[in-house]
Amino acid sequence: MGYNKKMIILLSLSVASVLLFVFWDVGGEWDYVLPRRLEKVAAITMTGAAIATSTVIFQTITNNRILTPSLIGFDSLYVLLQTAIVFLFGGGTLVMMNSHFHFLLSVGLMVVFALLLFLFIFKKEGKNIYFLLLIGIILGTFFSSISEFLQVLIDPNEFLVVQDKMFASFNNANTELLLVGGVLLLAATLYLFRYVKYLDVISLGQEEAVNLGVNYDAVVKRLLGVIAVYVSVATALVGPITFLGLIVANVAHEVFRTYRHKYLIPGAIFVSIFSLLIGQWFVEHVFTFSTTISVIVNFIGGIYFIYLLVKENDVW
Amino acid sequence: MVDVTNVSKAYKEVKVVDDVSVHIKKGTITSFIGANGAGKSTLLSMVSRLIPKDEGSVLLDGEEITSYDNKELAKRLSVLKQSNNIKVRITVRELVSFGRFPYSQGKLKKEDEKLIDEAIEYMQLEDFEGRFLDELSGGQKQRAYIAMVIAQDTEYILLDEPLNNLDMKHSKQIMKALRRMVDDLGKTVVIVIHDINFASCYSDHIVALKDGKCVYEGHPEEMITNNVLREVYDMEFNVCNIDGNRICVFFT
């Protein structure tokens with residue numbers, strides 16, 4: 001099957017999932033139901049696309065298909081931030097906080113953290129992406145440990161507020177935040193377009209890329225910056241959901257079996273949107289909100305991942 | 001020409017390349033020889049700006065190599081390292097096409113396709129061009145990489161152990177191809193090579209490294225002698241003249 005045909009199938013699947021999600025069981029209250037559902041579709045499309053793109057790029061840079069940007073510690077930093085707010089100012093503050101302020105605070109902190117991390121590591125000689133990952137993992141664990149420590153100390157009722165933020169959820173997506181997040185994502189995407197052509201070459205490895213005239217360090221730094229914005233916006237919008245990226249990036253690789261990012265990135269985006277919408281549909285109509293999307297994503301994704309490992313040991 | 005002047009590289013306190021100066025003339029094959037760990041590959045990597053040097057300068061046609069624009073440099077100098085472990089799923093033809101990236105920036109034109117065809121033909125890879133790299137033998141892979149460098153069509157070509165993984169037939173084929181590129185197309189080739197007999201038969205200039213220092217350099221006639229080789233490799237050689245070529249016998 002040709003690449004384009006596969007792409008059309010994936011596109012159709014995501015469009016079908018949008019239609020299913022928007023029009024299933026509306027029940028007469030169109031004025032009420034439709035805007036809310038469209039809002040969710042917008043949130044899902046944005047986060048799905050951001051997570052998919054950032055993971056595909058991250059895996060290309062690291063030359064490794066079992067890594068995601070969450071390894072650098074974005075998710076745990078986000079959770080730590082929410083925990084710290086509750087710990088210092090009480091659960092009420094987090095719930096009542098101006099959503100714009102909270103959003104920009106979360107995004108800003110994560111981006112600054114990521115950029116500091118990159119800066120710190122790339123300033124040294126022998127600057128190496130694996131060293132970056134190692135530091136990222138250690139910091140991620142460090143953040144999780146502090147979060148856990150704080151969570152043990154706080155009042156159990158307040159802990160519920162934190163817990164609510166620890167799982168991704170599209171149930172409280174907010175139009176105004178979508179607008180701000182959308183603008184940020186758009187800006188990052190426009191910036192990314194200048195470097196997209198280098199992605200294929202970078203997937204060959206550092207030495208090949210340098211040989212072919214790519215200013216490797218500079219390009220990788222900029223790509224990591226774009227990843228930082230993508231992941232931060234997505235996480236601040238819906239909560240920690242980067243595991244999704246691991247699944248969709250690998251599905252895209254499995255489907256297209258190519259190094260070409262002009263197929264991999266859109267492919268991963270469509271898979272991402274499709275699976276998020278279907279997952280959310282299940283949450284709303286089958287489980288009637290008794291579970292969250294991240295539980296479903298992790299469950300299905302985990303099974304798929306084990307399948308991949310068993311089926312093809314030499315994939316990596 | 002490439003002027004390497006007083007170049008050094010140290011990892012921690014160990015000097016891997018120590019104050020090496022080499023002059024590489026246009027239109028020649030220059031071979032770096034020496035024992036494992038003598039600093040050949042490191043020197044080649046510094047000359048090709050793959051790794052930064054601690055001291056010294058590398059001038060390519062009079063200009064310091066690190067001050068070149070990346071894209072322009074990639075049109076003038078190409079480098080192929082010995083450890084190629086491309087993990088992506090890619091066919092031979094797609095790999096060779098990457099050689100055109102400095103010119104096309106990813107959008108292949110007609111003339112790019114033509115040069116890709118020629119490079120594939122040069123390395124006799126026509127039968128494999130649609131095959132995926134991970135389905136090929138070591139030698140076929142190596143030839144595909146060299147074809148990529150040929151498609152890059154640069155004046156200077158730096159190869160780190162191009163004969164790695166190759167049998168005698170294909171080793172000879174590649175050395176002949178390199179010789180042809182120098183003689184017919186005026187390219188300048190620098191190779192790191194372990195087989196001193198190939199170095200003896202095909203090079204114009206040989207640079208011998210030992211413990212990070214350049215101990216001898218010169219024409220193969222001066223270099224392939226019992227005394228020089230004994231000092232470079234710390235073992236006994238018996239250099240014979242066979243059919244006009246200087247061949248080293250050291251196997252027993």
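Two strands pair if DSSP finds at least two bridges between them. I also noted that helices (H or I, at least four residues) and strands (E, at least two) are DSSP runs, numbered from the N terminus.

**Entry 1. The model**

I recorded that this is a predicted model, in which local features need pLDDT of at least 70, side-chain atom pairs count only at pLDDT 80 or more, and totals for chains, interfaces and linings use all residues. Residues are numbered from 1 along each chain as its sequence is written, while chains are lettered from A and ligands numbered from 1 in the order in which they are written. I found scores of ipTM 0.85 and pTM 0.86 for the model. The pLDDT is the predictor's confidence in each residue, from 0 to 100. For chain B I read an average pLDDT of 89, with 99% of the residues at 70 or above.

**Entry 2. Strands of chain B**

I looked up an open sheet of four strands in chain B, ordered E2-E1-E4-E5 with antiparallel pairing. Strand E2 (14–24) and strand E5 (63–64) of chain B are its edges, each pairing on one side only. Strand E4 (residues 55–60) of chain B is joined to E5(B) by two bridges, and Leu60(B) stands opposite Glu63(B) in E5(B).

I then turned to E11(B) and strand E12 (residues 245–249) of chain B, which pair in the antiparallel sense over five bridges. Cys240(B) faces Ile247(B) in E12(B). Two residues lie between the strands of this hairpin, where Asp243(B) takes a positive phi near 50°.

Is strand E11 of chain B largely buried or in the open? A residue is buried if 20 or more other C-beta atoms lie within 10 Å of its own, exposed if 12 or fewer, and partly exposed in between, with C-beta atoms placed from the backbone. Of the five residues of strand E11 (residues 238–242) of chain B, the number buried is zero, so the strand lies largely in the open.

**Entry 3. Loops**

Most residues other than glycine have a negative phi. I noted that Asp25(A), not a glycine, has a positive phi of about 50°. Asp25(A) sits in the loop between helix H1 (3–23) and helix H2 (30–62) of chain A and counts as exposed because it has 7 C-beta neighbours inside 10 Å.

Gln105(B) likewise has a positive phi, near 50°. I located Gln105(B) in the loop between helix H4 (101–104) and helix H5 (110–122) of chain B; with 13 C-beta neighbours inside 10 Å, Gln105(B) counts as partly exposed.

**Entry 4. Core and contact**

A nonpolar core is a set of buried Ala, Val, Leu, Ile, Met, Phe, Trp, Tyr and Cys residues joined through C-beta atoms within 7 Å. I found 163 residues in the largest core, and Val233(A) is among those with the most contacts inside it. Helix H11 (residues 216–238) of chain A gives this core its largest share, 16 residues.

Two residues are in contact if their C-beta atoms, placed from the backbone, lie within 7 Å. Not counting residues up to four places away in sequence, Val233(A) touches Ala50(A), Val107(A), Gly181(A), Leu184(A) and Leu185(A).

How many residues does each chain bring to the contact? I recorded 17 residues from chain A and 18 residues from chain B. Helix H9 (196–202) and helix H10 (206–211) of chain A each supply at least two residues of the side of chain A that touches chain B.
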